[in-house]
There are 2 protein chains.
Amino acid sequence: MAGKSEANVTIKSIAEELGVSFSTVAKALNNDPLVKEETRERVREKAAQLGYLPNSLAKGLRSKTSKTVGVILNDIENPTRTHIVKKISVDLAKYGYTTLIFDSLYDLSIERKNLLTVLSRLPDCVVISPVSVHAENLSLLSNMYDRTVILSRMFDAVPANYVHMDHRRGGYISAKTMLENGHSRNIIFVEPSEFPSSDQFLEGVKQAYQEHGVSFNEVMMVYGTPSLEVGYQGLCDLLDQNTRQFKVPTTGVIASCDLFAFGVYRAAAKFGIRIPDDLSIIGYDDNPMAALSTPPLTTMYMPKEAIASHCSEILISKLINKDPVIKSYSLEPYLVQRDSIKKIN
Amino acid sequence: MAGKSEANVTIKSIAEELGVSFSTVAKALNNDPLVKEETRERVREKAAQLGYLPNSLAKGLRSKTSKTVGVILNDIENPTRTHIVKKISVDLAKYGYTTLIFDSLYDLSIERKNLLTVLSRLPDCVVISPVSVHAENLSLLSNMYDRTVILSRMFDAVPANYVHMDHRRGGYISAKTMLENGHSRNIIFVEPSEFPSSDQFLEGVKQAYQEHGVSFNEVMMVYGTPSLEVGYQGLCDLLDQNTRQFKVPTTGVIASCDLFAFGVYRAAAKFGIRIPDDLSIIGYDDNPMAALSTPPLTTMYMPKEAIASHCSEILISKLINKDPVIKSYSLEPYLVQRDSIKKIN
DNA sequence: TTGTACGCGTTATCAG
DNA sequence: CTGATAACGCGTACAA
């Protein structure tokens, strides 16, 4: 039953109770070897008894280090991102750091606001997955690029730490897989072109098409932010509502995220289109659902554990070991073959 | 190109540049009507030009309100929890609040540590889903119960705000559903009994058994923290590895979370046990995977949007409208019928 | 309309 | 070994 309801207990108030100066208390609490063993003990006891909690705000103000890490992502509900959030918050909590979470909702102006509120709290490090390839907002971090981890491909103007998924390669493998299975007329679902990952993905896709001598003009593109709805609506729009046939001959879908794919699943179910018999599909992410869906979705696995670990590792090396070196990791997605693609001629 | 690399720009430094006192600057920046329109304008311009950012730590120290909300949950990777985190962080960000995230990993001592670090940051509100029915840790919040939202059933000793899922009813419906489909010999997967939700769930299950005149002694219980592994291992352990038959006659599984159910799916697939032909199963949570699994999982839907909304609503009424009233919501899960249960006699 | 002075809870420096 | 004292950046009574 520690002292509660009391006005805030501070080093000053415990100093008064003990009849010593507050600076002695401060030293005692910080294990300063200069204070007598006995007084230190008395102070600690009193502190415990009163339920003293150091005020992190005051600490931060004084020491210019807030023991916080700002994390700014888009859609923290996406399992890959959530995994990163969890890893970071759990790892850093061990060292007394706390994680400040922001979701930019794929919106540039929200991202900017998030960045400003984060910065006003003097974070020791910042992790950000930028909304856009246009890195304007990132310049707000210019004072602390060396303590910033960016989760996207590198920006020349931004000398920060990077943990990057090679979406170019991901797109390449996705498309190649479809093409090798005989699918040369695909619908491609992809994020809006301003997204940092989007053009990379498409570059990879185009390369695969080129290598297979298939014209990229034949593809139908659907752009949208990651969600089931986009996949669902996208497929519906490409179908003739009466005949339930594709308006343009199509045998496959290349999705730049699994959510798109699941939206397609849903639409296909509605229109009696069988996967993979009538329509083959490849996803991207290896969302936990992918293995359990009907049929299990062939998709590209993103090593989210590795992303999270590298990210966390960089943070800890900065925060704990004061490592000044800027680091960059590039990770490769790989194919997970399941049952959503049928080989045709 | 705002002034960067500069030493921190503070109200003091912008005051110097302008040749006015820093308190004038402070007032101007806070829209104090007492300052002349013109000076206010000059101050704002200078501030913008210099890239001034208010120091939240200093503000908080001074005003005793940190504009933060601490959120302490178990397993923030769980979709229901993630949804809450997202909703809170997005809603509060609009008002300039930032969300402090902690994951207690179902561990009492970690929860305690999280609580202490949160409190040291003087949060304006706290949201917590307690690890244990033993509410010891919660007493740390006694100074601010009225600004605390607890996501679990009510504790008599803790007069806080509550948003509660009625797991008793959830367990009742789960079991009733199985029993009505002829499954009276079930394996029950539940969280450890110290979990706030666990005993409630079981109470509901027992009631259903009783109403159906089925002895509860026949059930096999498997306890574990929510994870695929527990479900997987649990089923494996109950099977004879040679005959691939259940050691004890069993036709159904009642899982207190979908992750258990998916673990069972996986084990069943490994041993050639068909769901629902050989084994019926009901989950709990309506994880997004549930609709997409093979077969789609019959489960109990948790109104996570409602939980998150209520939670967010309470926070905003406290933070913005300074509403002193303590509120309590109880929400009911409901059955989502899909294809993982087969009716037998 | 603007400036002065003080305090929020710490840490850190310097005397005693 | 302990105690004053200043400073971190900001808000706010009060004085000018």
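How many nonpolar, polar and charged residues does the surface near DNA strand C have? In this predicted model, that surface has nine nonpolar, ten polar and five charged residues.

**Surface near DNA strand C**
- Of the 24 residues around DNA strand C, those that come nearest are A:Asn55, A:Ala58, B:Ser21, B:Ser23 and B:Thr24.
- Two or more residues are given to this surface by each of helix H1 (11–18), helix H2 (22–29) and helix H4 (56–63) of chain A, and likewise by helix H2 (22–29) and helix H4 (56–63) of chain B.
- H4(A) provides the largest share of the surface, with five residues.

**Contact of chain A with chain B**
- The contact takes 43 residues from chain A and 43 residues from chain B.
- On the side of chain B that touches chain A, at least two residues each are supplied by H4, helix H5 (79–93), strand S2 (98–103) and helix H6 (108–120) of chain B, and the largest share, seven residues, comes from H5(B).
- That side of chain B divides into 20 nonpolar, 18 polar and five charged residues.
- Strand S2 (residues 98–103) of chain A runs antiparallel to S2(B) and is joined to it by three bridges; the bridge partner of A:Ile101 in S2(B) is B:Thr99.

**Setting of A:Tyr232**
- A:Tyr232, which lies in helix H9 (residues 228–238) of chain A, is buried because 20 other C-beta atoms lie within 10 Å.
- Leaving aside residues up to four places away in sequence, A:Tyr232 touches A:Gly263, A:Arg266 and A:Ala267.
- A:Tyr232 and A:Leu259 are 27 residues apart in sequence and, C-alpha to C-alpha, 9.5 Å apart in space.

Terms used:
Residues numbered from 1 in each chain as written. Chains lettered and ligands numbered in written order. Predicted model: local features only at pLDDT ≥ 70, side-chain atom pairs only at ≥ 80, totals over all residues. Near = placed C-beta within 6 Å. Helix = DSSP H or I, 4+ residues; strand = E, 2+ residues; numbered from the N terminus. Nonpolar A, V, L, I, M, F, W, Y, C, P; charged D, E, K, R; others polar. Buried ≥ 20, exposed ≤ 12 C-beta atoms within 10 Å, placed from the backbone. Contact = placed C-beta atoms within 7 Å. Pairing = 2+ DSSP bridges.
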